[in-house]
Amino acid sequence: MPRHQAKRWTTLCAVLATAAAVGGLATTGGSANAAATPTTRPFPQHTTYKVGVMPSVPQAERDAAAEKQYDSWKATYLHAGCTSGESYISSKGDNDAPNGGPVSEGQGYGMNLVPLMAGYDPAAQSEFNALWSFVKSHEDQYGLMQWKIDGKTCKYADSGVPDGATDGDLDIGYGLILADKQWGGYTAEAKDWLAKFYAHNVAPDGHLKCEDDGANDDTRPSDFMIDHLRAFAAYDTAHDWNKVVQRTEAVVGEFTGSYSPGAGLLSDFVVNADTTSPKPAPANYQENQPDNIVGYNSIRVPWHLGTDALLYGTSTAAVSYNAAKLESACLKGESGADPQKVYPHTKLNCTPYSTGDVAEEAGDSVGPAAMAAGDQAWTDTIWTYLATNPFGDGYFGETIKTLVYVVMAGDYWNPTDSPSSSSPSASPSTSPSGTPSSSPTGTPSSTPPSTPVSYEAEKATLAGGAYVSSCAHCSGGAKISGLGHGGTVTFTAVSAAASGDTTMTVSYLSVGQDRTAVVTVNGTAQSVSFPQTPDYNTVATVTVKLHLNAGSANTVAFSADASGPNLDRISV
């Protein structure tokens, strides 16, 4: 902690302790002990991101700006609950819940922010425990958080049977992991929460539902916090979180390929999410913003996908990286590089639906995407904009701003990394790495190979909406999705020792149904069937007879009229 802040924080700790004694904000609770536990990742962390640029201001200034915003946010929105030892994040200024009460979304945001700021905030663990205690006393029928609570009575504030919201419950789970990595002592509760979330918020095919008691055929892209899902996969091996990651990436690729190929935008709600043809929900589907374009839900997508790309890079997070680049460029162009003119409602072709509705969080949320895209000027402009609140926004805008500040300051650490790998270090390179090329893995030699040579699909030439997505069980850790409907995959420089007929083995996934693709070898096409595979953990193979010419000038191309299989590699 900087020396000049020590006295102020000592005073604050005394105030918090006094408040606890008289039934105000709690300093104990949850699964941890009352005494403060040492932090393993104290703020600031100065994380080296895997791709992109940082704002062009000194690190100390970035840290100080994040601290200042956190202080303001906490003083305004962290409130004592109705029961001693509990607190909540108020939605004041936005009327999301009666009497400034909390929504689960905000509670999750708070449970992320507090452990991220631990070390700067010496009361962080007590504050986290009070937030977590409030969640536990407001569980719905499935043991997840009731999504809307009255700020005075602390009772459920919506009609019908209390239910949860996916975004809030997802962030609460991530917050428990952050707390466990920061202080320890939350493992059992975190894994119990993730088990309940998986059982009730994940559809059978692996996509995220909109709410725990909702349908299995829709989803909300503002919930696509893929970095959180990757952390769940590393932390909770009892559930197939990789399946959720892969299906979420598939929805992003399938939807944007059909409805926003040049901008990478996703509508507030998506239907047919359990098929390979997800589409925008009807305009009045749930919230009537309208729901078939970008609105107050999906304005958060550039923040979430940009953050995933920053933490995991251009290979593991290829889908997020590619979408974040498109979204950053789209919104920069739409606004004339003025974050204040990134409008909360934008059509999927990247034109404003309305310029009469404005919100600070629309521009703030683009920051991580601009960073991941390597756009230095746009990143710097958004960083400067973060220090303003031109429209006087309340809880929603100010809370998102605080989280974006932590990311853009370079202090958003990855819980799957060891603490030492999050230590201060140099800024990342401005140019992305791992760009797919048309060259196969390992150049075949000019002498006849004694064993088949494998060519990874992610190294092939992609066109028409085909894209790289992660695949834990594929040979190179990635596969190609989006084959079909114009999406193609072409392997070049395929080698043969001599002209003649041979056999090619294709490794693939085809979850949910049998699929067909057209395989074209040096201009000669044939239709190939790919039988259904049971899940995203099973990579199957089919063999294809083909004729190759001597040398390394052969091409093998895959296409499909409908949705084709996911491709892992070919071996010839």
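A crossing of two helices is called left-handed if the near helix is turned anticlockwise from the far one by less than a right angle, and right-handed if clockwise. Keep that in mind for the helix views below.

The model is predicted: local features need pLDDT of at least 70, side-chain atom pairs count only at pLDDT 80 or more, and totals for chains, interfaces and linings use all residues. Residues are numbered from 1 along each chain as its sequence is written, and side-chain values use heavy atoms, with hydrogens and water left out.

**View 1. Helices α3 and α14 meet in a left-handed crossing.** Helices (H or I, at least four residues) and strands (E, at least two) are DSSP runs, numbered from the N terminus. Helix α3 covers residues 104–116 and helix α14 residues 395–409; their axes lie 11 Å apart at an angle of about 30°. Axes are lines fitted to C-alpha atoms, for helices over the stretch in contact, and angles run from 0 to 180 degrees between N-to-C directions. The two helices are therefore roughly parallel to each other (angles under 35 degrees count as roughly parallel, over 145 as roughly antiparallel, 65 to 115 as roughly perpendicular and the rest as oblique). Look for the contact (heavy atoms within 4.5 Å): among the residues making it are Tyr109 and Leu113 of α3, and Phe396 and Leu403 of α14.

**View 2. Helices α9 and α10 also cross in the left-handed sense.** Here α9 (residues 301–316) and α10 (residues 318–335) pack with axes 7 Å apart, at an angle of about 135°. That makes α9 oblique to α10. Val301, Pro302 and Leu305 of α9 are among the contact residues, as are Tyr321 and Leu331 of α10.

**View 3. Five strands form an open sheet with antiparallel pairing.** Two strands pair if DSSP finds at least two bridges between them. Follow the order β7-β10-β15-β12-β13 across the sheet. At the edges stand β7 (461–463) and β13 (524–530), each with a single partner strand, so one side of each is left without a neighbour in the sheet. From one strand to the next, the twist averages 25°.

**View 4. Strands β10 and β15 are joined by five bridges.** β10 spans residues 488–496 and β15 spans residues 551–559, and their pairing is antiparallel.
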